[in-house]
Every structure is written in C-alpha cells, then in structure tokens.
Amino acid sequence: LALILLTNRIGVFPAEGASSLQLIDKGMKRVSLTSLNMVLFPIEMTTTFLLSRLLTRIHPLKVMYFCYLLRISMSLLLSLFIHSLPPAELEMMPSRFYPLAYTLVILSSLAGRSMNVAGMAYYAQISDPRFGGTYMSLFNTVSNLGHQMYMSPILKIIDVASVKQCYKEGEVVMNNCAGHNLYSQCASMG
C-alpha cells in the first residue's frame, strides 16, 4: 500500500504541477488564475460533503479508480489545451480561452479532491479501531509524501525541457532562452 501511495500520482504531476505556470507563460493574467481559487473553494467543499455521503454506499476504491481515470484524462486535456494555445510573446491570452481553462482546472482539482476524500474513507475502513486515527494518519502522511516528493524534480525537468524563444517587437531574437543565464540575457535585450 505504501508503494502505491508513493507512486500513484506520477501520471498527473507534470500537468498538475506546471499547469498554472504554463498558463501564466501563455499569457493568462495571474489575477484571473488566483481568482479561480475563490470559485474553487466552495465547489470543493460541496463536493467533499456530497462525496462523503456517497462513500457510505459505494466502496472507496471504486470512487478512487473512477476519479483517477478522470484526473489523468483532465491532465491530458489540460496539457493538450496549454500546448495548443498561441504563444504570448506580445499580448495576454485571449479571453475566449478562459472558460475552457477554468473548466479543465476545476475538473482536475475536483478529481484530485475526490481521490483524497475516497482515500481517507478507505484508510478509515482498513484501520484498526483499537489504535484510533494512528493508521489513518500514517497512510495520509505516506500519501502526502508521495504527493510532495516528486514536485521539485518534475518542475526542474519541465524547466530544462521547455523550449523558450525570446521576442523583440514581434521578431525572434533568440531561439533558446531556457536556463537562468539565457533568460537574463533575453530580458536585457528587451
């Protein structure tokens, strides 16, 4: 179980970990992206409440399986959507793309939240009641460790593998400005 908890999110990390950064790189306003959290919070709370009621009748692993497939699908769609956006060398991302970006981010987040709730319900089922929440805390800690330990390496790999171009007045002046030194050189050119 510990191995599964440590590795079950590897398939969604690249998309979920870098999606907000990539949306900002493509020209989405930071304020628009952060305001999404205000909308997302009540949706996630309602989903958590409704899902906890549903988990009394359905086995939590079935819900986790369905949500994992949804989460991988949303991660793939979000990655394809971000890749298909026009480059933002001169202007902000057109507002016609915002509703689809919001929908994909919300669905991906809801699938992740649903997996967490179903996971906690499963931990409660398999935990020994004599020890209270100790097993639940242990399983949750291992799950959180699996969530956090891949984030930095994956973001570094995405940064190294990303192809960035430097534009000045609509013209490409550098084909590759990946890395801190080349990015600084590009920024100094204007």
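Confidence comes first. The chain has a mean pLDDT of 82, and 83% of its residues reach 70 or more. Helix α4, residues 60-84, has the highest confidence, at 91. Strand β2, residues 171-174, has the lowest, at a mean of 64. Where pLDDT is low, the predicted coordinates should not be read in detail.

Now helix α6. This helix covers residues 134-148, which makes 15 residues. At 1.5 Å a residue, α6 should span 21 Å.

Which residues of α6 are buried? They are Phe139, Val142, Ser143 and Gly146. Look down the axis of α6: these buried residues fall within an arc of 100°, so they line one face of the helix. An α-helix has 3.6 residues a turn, so residues three or four places apart point the same way. On the other side of α6, Thr134, Thr141 and Gln148 are exposed.

What do the buried residues of α6 pack against? Their partners are α1 (2-7), α2 (13-25) and α5 (98-126).

Stay with Phe139, and turn to the rings. The structure has four aromatic pairs. In one of them, the ring centres of Tyr123 and Phe139 are 5.4 Å apart. Their planes stand at 40°, between the 30 and 60 degree cut-offs, so this pair is tilted. Tyr123 sits in helix α5 and Phe139 in helix α6, so the pair links distant parts of the chain, 16 residues apart. Both residues are buried.

Next, charge. How many salt bridges does a search of the whole structure find? One. Glu44 pairs with Arg113, and the closest N and O atoms are 3.1 Å apart. Glu44 belongs to helix α3 and Arg113 to helix α5, so the bridge ties together parts that are 69 residues apart in sequence.

Are the two partners buried or exposed? Glu44 is buried, at 11% relative accessible area. Arg113 counts as partly exposed, at 29% relative accessibility.

Ser32 has a relative accessible area of 13%; that is under the 20% cut-off, so Ser32 is buried. Leaving aside neighbours within four places in sequence, Ser32 is in contact with Tyr98 and Tyr102.

Technical notes:
Residues are numbered from 1 along each chain as its sequence is written. This is a predicted model: local features need pLDDT of at least 70, side-chain atom pairs count only at pLDDT 80 or more; totals for chains, interfaces and linings use all residues. Side-chain values use heavy atoms; hydrogens and water are left out. Helices (H or I, at least four residues) and strands (E, at least two) are DSSP runs, numbered from the N terminus. The expected span of a helix is 1.5 Å times one less than its number of residues. Buried means under 20% relative accessible area, exposed over 50%, partly exposed in between (1.4 Å probe, protein chains only). The arc is that of the directions from the helix axis to the C-beta atoms. Contact means heavy atoms within 4.5 Å. Rings of Phe, Tyr and Trp (its six-membered ring) pair if their centres lie within 6.5 Å; planes under 30 degrees apart count as stacked, over 60 as edge-to-face and the rest as tilted. pLDDT is the predictor's confidence in each residue, from 0 to 100. A salt bridge is a side-chain nitrogen of Lys or Arg within 4 Å of a carboxyl oxygen of Asp or Glu.
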